Amino acid sequence: MADRYDILIIGSGPGGYQAAIRAAQYGARVGVIEDREIGGVCLNRGCIPTKALLETVRVQELCGKAGDFGISVGEVSLDTGAIFERKDRVVEQLRKGVETLFKRNGIEFIPGRGSVDATTVEVNGDDGTRQIRADAVFIATGSVPVRPGIFPYDGERVATSEAFLSMGEIPQRVLIVGAGYIGCEIGSVLRAFGAEVTVVEMLDRVLPAGDGDVSKQVAKRMKKAGFDLRLETKVESMEATDAGVSATLDSDETVTADKALIAVGRGPNTEGLNLEAIGLETDERGFVPADSHGRTAVDGVYAVGDVTGRIQLAHLAAKQGLAAAAAATGHEYYIDERVVPACVFSPPEVGAVGLTEAEARDQDREVSTAQFPYKALGKALCREETDGFFKIVADADSGEVLGVHIVGDNAADIIGEAAMAMQLECTVEEIAHTIHSHPTLYEGLAECAERWLGLGIHG
Ligand SMILES: Cc1cc2nc3c(=O)[nH]c(=O)nc-3n(C[C@H](O)[C@H](O)[C@H](O)COP(=O)(O)OP(=O)(O)OC[C@H]3O[C@@H](n4cnc5c(N)ncnc54)[C@H](O)[C@@H]3O)c2cc1C
């Protein structure tokens, strides 16, 4: 391990590791300090393990409707051990991939917990404490679940997403507090694997950050799948009991369950970083303010990813990492934070980019919207996946696309076209005039655009 680097990065999540690779490609000598597994939350306890489990749910659903396709599969049964082992294998393979990329790019992985002072980064690892100097330091330490005091966390009966992603067996009854995407995705896994799932959300809809019509569709599917949804309801108190947990709601009802998943948001992971020592102030929520290229108020210190308090998504963290690596090494990088696609992978899938209808209307402009249903798509019918819709939110006068929201089969992939259209500042008319192949699911976007123009063909 060297005593000096051009760039030292604290945290190896998508923000940190991609910044490291890009900076190394630009010729910088880079070290990455990490106190847990390489790859951060996304790879080890976030995006990838949840999606690996949700793919099992997808296969399970396919087996369930195999009869509709004329295939007999007999009784479908689940092997929880094998399901979680497969998830671990996927994670392990990707982790090895990042390790290989580090080696190939000459990046040094420095295990331990980092903290900063005026000129150096201190690393506390198994071999003791070391001071390392660097010309630039990147704070890429990500986020951790917020832990409101009313929940008696013990990591067993009352826990956050991490514990649920490595559980050995499926609890019979689960109470989920928070109907954001983490609550919905993990809830969908648990429900599909046989748990009775109650979701308590204090706002009036599931996925409260998304478009209202999408939330309704997702809630409809969740209810059909047997979720007990308690919206506009708050947990007033929770107790860990011998049998599990017991929660009192503000509706005066009591919900008992074997386990509770608390998924009420994520805050900055800055504990012990010693940011005060370098005069780096955090905002009122504790996040580290940085511009789109990661520059903080302190020269030579960059911050990228969840720790900056922007939308907490892996692909935004990664892009910020690339932008910051360019800025720190004197290169150009273009990043447009207006266009950040967001996806939810629980059945039904959701893909969204840009403004929701409500946000667009709040902007004091004439807004026009159109929807197109999956059931009018030949491909959706072929796949027996006809629930859901495409929705375009656009400026009524200019046709500028302000937002696109898709809920249904493969929405998370299809939204990519809408993101590209917005990045290129396409109008709705230009989407409509783009020839889309048939029969596909993504032709729903062009059909929706035609509808927006008042010229819909199908549906
Ligand atoms: C259950 C779940 C599902 C998710 N699913 C998705 C999804 O499908 N798509 C998506 O885009 N996003 C998803 N996310 C969000 C995504 O994981 C984060 O946005 C992303 O990981 C942020 O990346 P990051 O680089 O900012 O930091 P992180 O991935 O949080 O990594 C930070 C790393 O820094 C380390 N660290 C922190 N402090 C120190 C220190 N002082 N010294 C050394 N190391 C330190 C941490 O241990 C961690 O490994 C999900 C999150 C969760 C929890």
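Helices (H or I, at least four residues) and strands (E, at least two) are DSSP runs, numbered from the N terminus.

## Basis of the model

This is a predicted model: local features need pLDDT of at least 70, side-chain atom pairs count only at pLDDT 80 or more, and totals for chains, interfaces and linings use all residues. Residues are numbered from 1 along each chain as its sequence is written, and side-chain values use heavy atoms, with hydrogens and water left out.

Pro 439 is found in the loop between helix H12 (428-433) and helix H13 (443-452). The peptide bond from His 438 to Pro 439 is cis, with omega near -5 degrees. Another cis bond runs from Pro 347 to Pro 348, with omega near 0 degrees. Pro 348 belongs to the loop between strand S18 (342-344) and strand S19 (350-354).

Asp 252 is not a glycine, yet has a positive phi of about 75 degrees. The loop between strand S13 (244-249) and strand S14 (254-257) holds Asp 252.

## The ligand shell

The ligand is surrounded by 40 residues, each with a heavy atom within 4 Å of it. Gly 15, Glu 34, Lys 51, Gly 114 and Ala 314 are the closest. By class, the shell has 14 nonpolar, 18 polar and eight charged residues. Here Ala, Val, Leu, Ile, Met, Phe, Trp, Tyr, Cys and Pro count as nonpolar, Asp, Glu, Lys and Arg as charged, and the others, Gly among them, as polar.

Several elements each supply at least two shell residues, among them helix H1 (14-25), strand S2 (30-34), helix H3 (47-64) and helix H8 (314-328). Helix H2 gives the largest share, four residues.

## Polar contacts and cover

## The pocket

The ligand sits in the second largest pocket, with more than half of its atoms within 2 Å of the grid points. A pocket is an open set of points on a 1 Å grid over the protein atoms alone, with protein on both sides within 12 Å along at least five of seven lines.

About 1100 Å³ of space lies in this pocket, counted as the space filled by probe spheres set on the points. Its lining has 50 residues, each with an atom within 4 Å of a point. Val 41, Cys 42, Ser 143, Arg 266 and Asp 306 are the closest to its centre. By class, the lining has 20 nonpolar, 18 polar and twelve charged residues.

How values were computed. On a 1 Å grid over the protein atoms alone, a cavity is a set of points where a 1.4 Å probe fits but cannot get out, and a pocket is an open set with protein on both sides within 12 Å along at least five of seven lines; lining residues have an atom within 4 Å of a point.
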